[in-house]
Amino acid sequence: RNKNLSFDGKGEITFSPFLNIVFNSNIKEINKDYFSKIDLKKLLENKDFLKRLNINQEINFMSKRFSRNLIENLNIKFDLAYGRLSSKKKIYLKEGKIICSNEINLIEENPLLTFNCSINSNNTKKFLKNFLIDYVNKKNESLNLVIKGNFNLFKKKFNFLKIQMNDDYKASEEDLKFFKVSFENFLVDNNPMEIFNKKKLKKFINEIL
């Protein structure tokens, strides 16, 4: 427990012949600005240490009742071995969920994060209220959005390979370039972890609607 993070957890740490961590944790409280303060470049400098790490971890978070947290429920599973990190995230918001699978080689000179994400909701209007967006289309319209691409952590550059919404829209090459520029402009300025910023997400979503 500290001022940024409070959690309960259990697991096993093996130090020999190499460092191996198997851990499950339940987050009780977290500072919403915590991620934006992380210095990724400094974190990834010790590549020899990263090569020796073996971690298998599951993280869970459930928001307190009547809180104003954007996320109601969160489950993250990730594996780290020989510098390669793979993860799967399930994020539950009011009236919808986000599922993302990611892979990245942390010991590369310019780590490239690949992502395959889906956003699903049975009521688009209510889901977008999470981002304070007033959606004026069909009242009970569902949302099924698929986004695939990659992100260069240090150069802060996105490359979208696929954006498809419901059965009636698939982004063209020109559209993908437009979304790339919009995403970089609205979500990434100084720290790549700023993509978790709610206000910036709102700006980006308004741009693509």
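The questions and answers below look at selected residues of a predicted model.

Q: Is Lys-77 buried, partly exposed or exposed, and what is its relative accessible area?
A: Lys-77 is found in strand β4, which covers residues 73-81, and together with Lys-88, Lys-90 and Lys-97 it forms a positive surface patch. Buried means under 20% relative accessible area and exposed means over 50%, with partly exposed in between. Lys-77 therefore counts as partly exposed, with a relative accessible area of 46%.

Q: Which residue has its backbone nitrogen 3.2 Å from a polar atom of the side chain of Asn-105?
A: Asn-105 has its place in strand β6, residues 96-105, and it counts as buried at 15% relative accessibility. A polar atom of the Asn-105 side chain lies 3.2 Å from the backbone nitrogen of Ile-107.

Q: Where does Tyr-82 lie, and what is its relative accessible area?
A: Tyr-82 is not a glycine, although it has a positive phi of about 55°. Tyr-82 lies in the loop between β4 and β5, the latter covering 84-93. Tyr-82 is exposed, because its relative accessible area is 64%.

Q: What is the phi of Asn-166?
A: Asn-166 lies in the loop between β9, residues 157-165, and β10, residues 169-170. Asn-166 is not a glycine, and yet it has a positive phi of about 55°.

Methods. Residues are numbered from 1 along each chain as its sequence is written. This is a predicted model: local features need pLDDT of at least 70, side-chain atom pairs count only at pLDDT 80 or more; totals for chains, interfaces and linings use all residues. Side-chain values use heavy atoms; hydrogens and water are left out. Patches are made of residues with over 30% relative accessible area and no salt bridge: like charges are joined within 9 Å, nonpolar side chains (Val, Leu, Ile, Met, Phe, Trp, Tyr) within 5 Å. Accessible areas come from the Shrake-Rupley method with a 1.4 Å probe; for residues, only the protein chains shown count as cover. A salt bridge is a side-chain nitrogen of Lys or Arg within 4 Å of a carboxyl oxygen of Asp or Glu. Lys and Arg count as positive and Asp and Glu as negative; His and the chain ends are not counted. The place of a charge is taken as NZ of Lys, CZ of Arg, CG of Asp or CD of Glu. Helices (H or I, at least four residues) and strands (E, at least two) are DSSP runs, numbered from the N terminus. Buried means under 20% relative accessible area, exposed over 50%, partly exposed in between (1.4 Å probe, protein chains only). A polar contact is a pair of N or O atoms within 3.5 Å; within protein, one must be able to donate a hydrogen and the other to accept it, and residues adjacent in sequence count only if both atoms are side-chain atoms.
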